[in-house]
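This report describes the packing inside one protein chain. It goes from strands to cores, then to rings and helices.

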Amino acid sequence: MSGQSETETGTAATAAIPECPRCLKPLPLCVCDGIKPIENRVSLLILQHPQEQDRALGTARLTAMHLTNAVLKIGLSWSSLSKALGRPVADPSRWAVLYLGSAKVADLDTKSDIVAINRKGEVEDNQRAILKDLEGIVLLDGTWSQAKALWWRNAWMLKCQRVILGPSRPSRYGRLRREPRRDGLSTIEAAAMMLSSLEKRPDIAETLHASFERMLTKYREFQNEQPQLVLKPRPRRDFRRRRRA
Ligand SMILES: [Zn+2]
(Lines give C-alpha, C1' and ligand atoms only; values in the text may rest on other atoms or scores of the structure.)
Protein backbone atom coordinates (compact mmCIF):
# COMPACT_ATOMS: atom_id res chain seq x y z
CA MET A 1 0.00 0.00 0.00
CA SER A 2 2.64 2.52 1.09
CA GLY A 3 4.78 1.58 -1.89
CA GLN A 4 1.91 2.18 -4.26
CA SER A 5 0.92 5.58 -2.87
CA GLU A 6 4.55 6.69 -2.91
CA THR A 7 4.71 5.82 -6.58
CA GLU A 8 1.53 7.70 -7.31
CA THR A 9 2.84 10.79 -5.53
CA GLY A 10 5.95 10.62 -7.70
CA THR A 11 3.88 10.37 -10.86
CA ALA A 12 1.63 13.27 -9.86
CA ALA A 13 4.64 15.48 -9.17
CA THR A 14 6.12 14.64 -12.53
CA ALA A 15 2.86 15.33 -14.32
CA ALA A 16 2.66 18.83 -12.82
CA ILE A 17 5.90 19.89 -14.53
CA PRO A 18 5.37 21.20 -18.08
CA GLU A 19 6.77 19.16 -20.90
CA CYS A 20 8.92 20.20 -23.84
CA PRO A 21 6.79 19.69 -26.97
CA ARG A 22 9.80 18.47 -28.97
CA CYS A 23 11.55 15.95 -26.73
CA LEU A 24 8.49 15.38 -24.47
CA LYS A 25 10.68 15.58 -21.41
CA PRO A 26 9.82 17.61 -18.32
CA LEU A 27 11.17 21.09 -19.21
CA PRO A 28 13.90 21.13 -16.56
CA LEU A 29 15.44 18.09 -18.26
CA CYS A 30 15.17 19.30 -21.84
CA VAL A 31 18.46 19.51 -23.76
CA CYS A 32 16.86 20.31 -27.14
CA ASP A 33 18.70 23.61 -27.47
CA GLY A 34 22.05 21.93 -27.71
CA ILE A 35 21.12 19.19 -30.15
CA LYS A 36 23.70 19.02 -32.91
CA PRO A 37 22.42 17.19 -35.99
CA ILE A 38 24.48 14.19 -37.07
CA GLU A 39 24.37 12.99 -40.65
CA ASN A 40 24.59 9.25 -40.23
CA ARG A 41 25.11 6.91 -43.16
CA VAL A 42 23.96 3.75 -41.39
CA SER A 43 20.22 4.10 -40.74
CA LEU A 44 18.79 3.74 -37.28
CA LEU A 45 15.37 2.35 -36.42
CA ILE A 46 14.29 2.55 -32.79
CA LEU A 47 11.24 0.54 -31.81
CA GLN A 48 9.81 1.67 -28.53
CA HIS A 49 7.46 -0.43 -26.46
CA PRO A 50 4.21 1.52 -25.87
CA GLN A 51 4.51 1.06 -22.12
CA GLU A 52 8.00 2.54 -22.01
CA GLN A 53 7.10 5.75 -20.24
CA ASP A 54 10.28 6.87 -18.66
CA ARG A 55 10.06 10.39 -19.99
CA ALA A 56 12.56 11.68 -17.49
CA LEU A 57 15.42 9.32 -18.17
CA GLY A 58 14.51 7.69 -21.48
CA THR A 59 16.80 8.43 -24.42
CA ALA A 60 15.08 7.07 -27.56
CA ARG A 61 13.57 10.37 -28.69
CA LEU A 62 16.72 12.33 -27.91
CA THR A 63 18.73 9.86 -30.00
CA ALA A 64 16.35 10.10 -32.95
CA MET A 65 16.33 13.89 -32.75
CA HIS A 66 20.10 13.97 -33.16
CA LEU A 67 20.32 11.75 -36.22
CA THR A 68 19.21 12.83 -39.66
CA ASN A 69 18.79 9.20 -40.70
CA ALA A 70 16.72 7.77 -37.85
CA VAL A 71 13.14 6.63 -37.30
CA LEU A 72 11.47 6.20 -33.92
CA LYS A 73 8.33 4.08 -33.85
CA ILE A 74 6.17 3.34 -30.87
CA GLY A 75 4.22 0.11 -30.99
CA LEU A 76 4.29 -3.60 -30.38
CA SER A 77 4.44 -5.27 -33.76
CA TRP A 78 4.88 -4.57 -37.44
CA SER A 79 4.52 -7.06 -40.27
CA SER A 80 7.91 -6.31 -41.82
CA LEU A 81 10.98 -4.18 -41.50
CA SER A 82 9.68 -1.99 -44.34
CA LYS A 83 6.42 -1.41 -42.46
CA ALA A 84 8.24 -0.51 -39.28
CA LEU A 85 10.60 1.80 -41.12
CA GLY A 86 8.03 3.33 -43.43
CA ARG A 87 10.03 2.72 -46.60
CA PRO A 88 11.04 -0.26 -48.71
CA VAL A 89 13.97 -2.39 -47.61
CA ALA A 90 15.56 -4.54 -50.30
CA ASP A 91 17.49 -6.86 -48.05
CA PRO A 92 16.66 -7.16 -44.34
CA SER A 93 19.81 -9.23 -43.79
CA ARG A 94 21.74 -6.01 -44.27
CA TRP A 95 20.07 -4.68 -41.17
CA ALA A 96 21.27 -5.65 -37.71
CA VAL A 97 19.20 -6.03 -34.58
CA LEU A 98 20.96 -5.45 -31.29
CA TYR A 99 20.28 -8.90 -29.96
CA LEU A 100 18.96 -9.55 -26.47
CA GLY A 101 19.83 -13.19 -26.05
CA SER A 102 22.26 -14.67 -23.59
CA ALA A 103 25.39 -14.38 -25.77
CA LYS A 104 27.95 -12.05 -24.22
CA VAL A 105 30.91 -10.50 -26.00
CA ALA A 106 33.12 -11.26 -22.99
CA ASP A 107 32.49 -15.00 -23.49
CA LEU A 108 33.40 -14.95 -27.16
CA ASP A 109 36.81 -15.25 -28.71
CA THR A 110 37.01 -11.72 -30.06
CA LYS A 111 38.57 -8.37 -29.34
CA SER A 112 35.82 -6.36 -31.03
CA ASP A 113 33.28 -4.35 -29.10
CA ILE A 114 30.57 -5.00 -31.69
CA VAL A 115 30.14 -8.59 -32.79
CA ALA A 116 27.91 -10.23 -35.40
CA ILE A 117 26.60 -13.54 -34.11
CA ASN A 118 24.66 -16.37 -35.69
CA ARG A 119 21.50 -17.99 -34.40
CA LYS A 120 23.49 -20.28 -32.16
CA GLY A 121 25.09 -17.30 -30.49
CA GLU A 122 28.47 -18.00 -32.10
CA VAL A 123 30.71 -15.41 -33.72
CA GLU A 124 29.98 -15.19 -37.45
CA ASP A 125 32.97 -16.01 -39.65
CA ASN A 126 33.18 -12.94 -41.83
CA GLN A 127 32.76 -10.20 -39.24
CA ARG A 128 34.37 -7.44 -41.19
CA ALA A 129 32.33 -8.04 -44.35
CA ILE A 130 29.04 -8.35 -42.45
CA LEU A 131 29.53 -5.20 -40.42
CA LYS A 132 30.83 -3.22 -43.36
CA ASP A 133 27.78 -4.16 -45.39
CA LEU A 134 25.17 -3.09 -42.87
CA GLU A 135 22.62 -0.58 -44.09
CA GLY A 136 20.86 -0.05 -40.84
CA ILE A 137 20.44 -1.07 -37.25
CA VAL A 138 17.39 -1.76 -35.11
CA LEU A 139 17.30 -0.91 -31.41
CA LEU A 140 14.54 -2.07 -29.07
CA ASP A 141 13.71 0.54 -26.47
CA GLY A 142 12.14 -0.31 -23.15
CA THR A 143 12.86 -2.33 -20.08
CA TRP A 144 14.41 -5.74 -20.51
CA SER A 145 11.05 -7.51 -20.67
CA GLN A 146 9.51 -4.87 -22.95
CA ALA A 147 12.40 -5.26 -25.38
CA LYS A 148 11.96 -9.03 -25.20
CA ALA A 149 8.27 -8.64 -26.05
CA LEU A 150 9.21 -6.56 -29.09
CA TRP A 151 11.64 -9.22 -30.20
CA TRP A 152 9.06 -12.01 -29.98
CA ARG A 153 6.29 -10.07 -31.69
CA ASN A 154 8.28 -9.07 -34.75
CA ALA A 155 9.17 -12.23 -36.61
CA TRP A 156 10.87 -10.29 -39.41
CA MET A 157 13.77 -9.68 -37.07
CA LEU A 158 14.76 -13.29 -37.67
CA LYS A 159 15.81 -12.18 -41.15
CA CYS A 160 18.10 -9.53 -39.77
CA GLN A 161 21.68 -9.93 -38.69
CA ARG A 162 22.19 -10.18 -34.94
CA VAL A 163 24.83 -8.14 -33.23
CA ILE A 164 25.86 -7.82 -29.62
CA LEU A 165 27.95 -5.20 -27.85
CA GLY A 166 30.75 -5.42 -25.33
CA PRO A 167 30.95 -1.88 -23.95
CA SER A 168 34.27 -1.04 -22.34
CA ARG A 169 32.65 1.04 -19.61
CA PRO A 170 29.38 0.78 -17.73
CA SER A 171 26.39 2.94 -18.61
CA ARG A 172 26.51 6.64 -17.80
CA TYR A 173 23.19 6.19 -16.03
CA GLY A 174 25.17 4.98 -13.06
CA ARG A 175 22.76 4.32 -10.25
CA LEU A 176 20.00 6.51 -11.66
CA ARG A 177 18.40 3.68 -13.47
CA ARG A 178 18.68 -0.04 -13.52
CA GLU A 179 19.95 -1.16 -16.85
CA PRO A 180 17.21 -1.60 -19.41
CA ARG A 181 19.26 -4.06 -21.45
CA ARG A 182 21.52 -6.87 -20.65
CA ASP A 183 24.56 -5.09 -22.04
CA GLY A 184 23.65 -2.36 -19.58
CA LEU A 185 23.53 0.51 -22.05
CA SER A 186 20.89 3.13 -22.63
CA THR A 187 19.45 3.42 -26.12
CA ILE A 188 21.52 6.52 -26.83
CA GLU A 189 24.72 4.81 -25.70
CA ALA A 190 23.97 1.72 -27.78
CA ALA A 191 23.30 3.89 -30.84
CA ALA A 192 26.48 5.88 -30.19
CA MET A 193 28.58 2.76 -29.92
CA MET A 194 27.12 1.02 -32.95
CA LEU A 195 27.01 3.95 -35.35
CA SER A 196 30.43 5.31 -34.48
CA SER A 197 31.94 1.86 -34.77
CA LEU A 198 30.21 0.95 -38.05
CA GLU A 199 30.89 4.32 -39.63
CA LYS A 200 34.30 4.71 -38.01
CA ARG A 201 33.26 8.10 -36.74
CA PRO A 202 34.14 8.72 -33.11
CA ASP A 203 32.47 12.14 -33.39
CA ILE A 204 29.05 10.44 -33.48
CA ALA A 205 29.65 8.87 -30.09
CA GLU A 206 31.10 12.10 -28.70
CA THR A 207 28.09 14.16 -29.74
CA LEU A 208 25.51 11.66 -28.45
CA HIS A 209 27.34 11.09 -25.18
CA ALA A 210 27.65 14.84 -24.61
CA SER A 211 23.87 15.24 -24.92
CA PHE A 212 23.24 12.29 -22.65
CA GLU A 213 25.63 13.68 -20.03
CA ARG A 214 23.89 17.06 -20.22
CA MET A 215 20.54 15.40 -19.68
CA LEU A 216 21.84 13.43 -16.70
CA THR A 217 23.44 16.54 -15.20
CA LYS A 218 20.11 18.37 -15.49
CA TYR A 219 18.37 15.43 -13.89
CA ARG A 220 20.77 15.40 -10.94
CA GLU A 221 20.59 19.19 -10.53
CA PHE A 222 16.84 19.08 -10.60
CA GLN A 223 16.79 16.38 -7.96
CA ASN A 224 19.10 18.41 -5.74
CA GLU A 225 17.19 21.66 -6.14
CA GLN A 226 13.69 20.31 -5.83
CA PRO A 227 13.85 17.10 -3.89
CA GLN A 228 10.10 17.30 -3.26
CA LEU A 229 9.57 16.88 -7.00
CA VAL A 230 11.94 14.03 -7.42
CA LEU A 231 11.53 12.43 -10.82
CA LYS A 232 11.85 8.93 -9.59
CA PRO A 233 13.00 6.10 -11.74
CA ARG A 234 9.98 3.99 -12.41
CA PRO A 235 9.24 1.13 -10.10
CA ARG A 236 10.25 -2.13 -11.61
CA ARG A 237 7.04 -3.81 -12.49
CA ASP A 238 8.13 -6.30 -15.08
CA PHE A 239 9.31 -9.12 -12.97
CA ARG A 240 6.54 -9.44 -10.50
CA ARG A 241 3.11 -8.28 -11.44
CA ARG A 242 1.65 -6.03 -8.88
CA ARG A 243 -1.37 -7.59 -7.30
CA ARG A 244 -4.54 -5.61 -7.66
CA ALA A 245 -6.28 -4.82 -4.40
ZN1 LIG B 1 13.10 19.40 -25.40
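The text below treats a predicted model.

Strand 6 covers residues 161-165, and five of its five residues are buried. Burial applies to both faces: Gln161, Val163 and Leu165 lie on one side, Arg162 and Ile164 on the other.

In soluble globular proteins, nonpolar side chains tend to be buried together. The largest nonpolar core in this model contains 43 residues, and Ile137, Val163, Leu165 and Met194 have the most contacts inside it. Another core, of 19 residues, lies apart from that one and includes Trp78, Ala147, Trp156 and Cys160.

**Rings and a charge**

A pair of aromatic rings is described by the distance of the centres and the angle of the planes. The count of such pairs here is one. Tyrosine 99 and tryptophan 151 form it, edge-to-face, with 5.1 Å centre to centre and 70° between the planes. The two residues are 52 residues apart: tyrosine 99 is in the loop between strand 3 and strand 4, while tryptophan 151 belongs to helix 5 (residues 144-153). Tryptophan 151 has a relative accessible area of 7%, so tryptophan 151 is buried. The ring of tyrosine 99 also has the charged end of arginine 162 over it, 4.6 Å from the ring centre.

**Alanine 190 in helix 6**

Alanine 190 is located in helix 6, residues 187-199. Its relative accessibility is 0%, and therefore alanine 190 counts as buried. Beyond neighbours within four places in sequence, alanine 190 is in contact with Leu98, Leu139, Leu165 and Leu185. Threonine 63 is 127 residues away from alanine 190 in sequence, yet the C-alpha to C-alpha distance is 9.9 Å.

**Helix 7**

Helix 7 runs over residues 202-225; at 1.5 Å a residue its 24 residues should span 34 Å, and because the end C-alpha atoms are 34 Å apart, the model agrees with that value. Buried residues of helix 7 include Ile204, Leu208, Phe212, Met215 and Tyr219. The polar residues Thr207, His209 and Ser211 are among the buried positions as well. The buried residues of helix 7 pack against helix 2 (60-66) and helix 6.

Terms used:
Residues are numbered from 1 along each chain as its sequence is written. This is a predicted model: local features need pLDDT of at least 70, side-chain atom pairs count only at pLDDT 80 or more; totals for chains, interfaces and linings use all residues. Side-chain values use heavy atoms; hydrogens and water are left out. Helices (H or I, at least four residues) and strands (E, at least two) are DSSP runs, numbered from the N terminus. Buried means under 20% relative accessible area, exposed over 50%, partly exposed in between (1.4 Å probe, protein chains only). Contact means heavy atoms within 4.5 Å. The expected span of a helix is 1.5 Å times one less than its number of residues. A nonpolar core is a set of buried Ala, Val, Leu, Ile, Met, Phe, Trp, Tyr and Cys residues joined through side-chain atoms within 4.5 Å. Rings of Phe, Tyr and Trp (its six-membered ring) pair if their centres lie within 6.5 Å; planes under 30 degrees apart count as stacked, over 60 as edge-to-face and the rest as tilted. A charge sits over a ring if NZ of Lys or CZ of Arg is within 6 Å of the ring centre and within 35 degrees of the ring normal.
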